[in-house]
Amino acid sequence: MPEARADTTAPHGDTELDRRAIRPHSAFRYPKFRIWMGGSFAAMAGVRLNQVALTVLVFDITGDALDLGVLAAATAAPTIVVSIYGGVLADRLNTRFVLAFSTAVIASTLTTIAFLVVTDSIELWHIFALAAVNGMALGLDDPARETYFTSLIPVGALRSAVTNNGALRASNS
């Protein structure tokens, strides 16, 4: 009687051979994805640097730790609320347009803050208001960013792209 062979099919349909053929960085073979990841890294680094700079600016102006919490809330609350609808907009509108729009809004808020600082006319409410606008733009940007990169690669490299995008986002947290 022949010996029973163990089934090598994974629950999601992959075979052992398929799992060995997966290359963790296969998405980087595609120039558009490489450019996307580089740009995403730069954009995420800019967002984090902005958060640090605004925190230092608020503390420099007021010296009050409570104002730092208000700044965090002024950014986070609009991001959370808008991201609920941002995913719908990213699906219904041209994703590139949503990304371009949100990036332009973020750039304009940062430019406005820089102008107010340079002219020495910055006030605390300016920072909170612009942080809220920035938070709304991030609420649009994040869902669009999550869906757009999948259009840059073939389906065969999707697993690699999702993994690498997740690693980039996790490293930015």
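Are F33 and F149 buried or exposed? Both residues are buried, where buried means under 20% relative accessible area, exposed over 50% and partly exposed in between (1.4 Å probe, protein chains only).

The model is predicted: local features need pLDDT of at least 70, side-chain atom pairs count only at pLDDT 80 or more, and totals for chains, interfaces and linings use all residues. Residues are numbered from 1 along each chain as its sequence is written, and side-chain values use heavy atoms, with hydrogens and water left out.

Rings of Phe, Tyr and Trp (its six-membered ring) pair if their centres lie within 6.5 Å; planes under 30 degrees apart count as stacked, over 60 as edge-to-face and the rest as tilted. F28 is partly exposed at 27%. F33 has 0% relative accessibility and is buried. F33 also pairs with F149 in a tilted arrangement, at 6.4 Å and 55°. This pair links distant parts of the chain. F33 lies in helix α2 (residues 31-62), F149 in the loop between α5 (124-148) and α6 (158-171), 116 residues apart. Helices are DSSP runs (H or I, at least four residues), numbered from the N terminus. F28, F33 and F149 form one aromatic cluster.

T109 sits in helix α4 (residues 95-118). Its relative accessibility is 3%, so T109 counts as buried. The T109 side chain reaches the backbone oxygen of I106 at 2.7 Å. Leaving aside residues up to four places away in sequence, T109 touches L130, V133 and N134 (contact: heavy atoms within 4.5 Å).

Conventions. Helix = DSSP H or I, 4+ residues; strand = E, 2+ residues; numbered from the N terminus. Polar contact = N/O pair within 3.5 Å; in protein donor to acceptor, adjacent residues only side chain to side chain.
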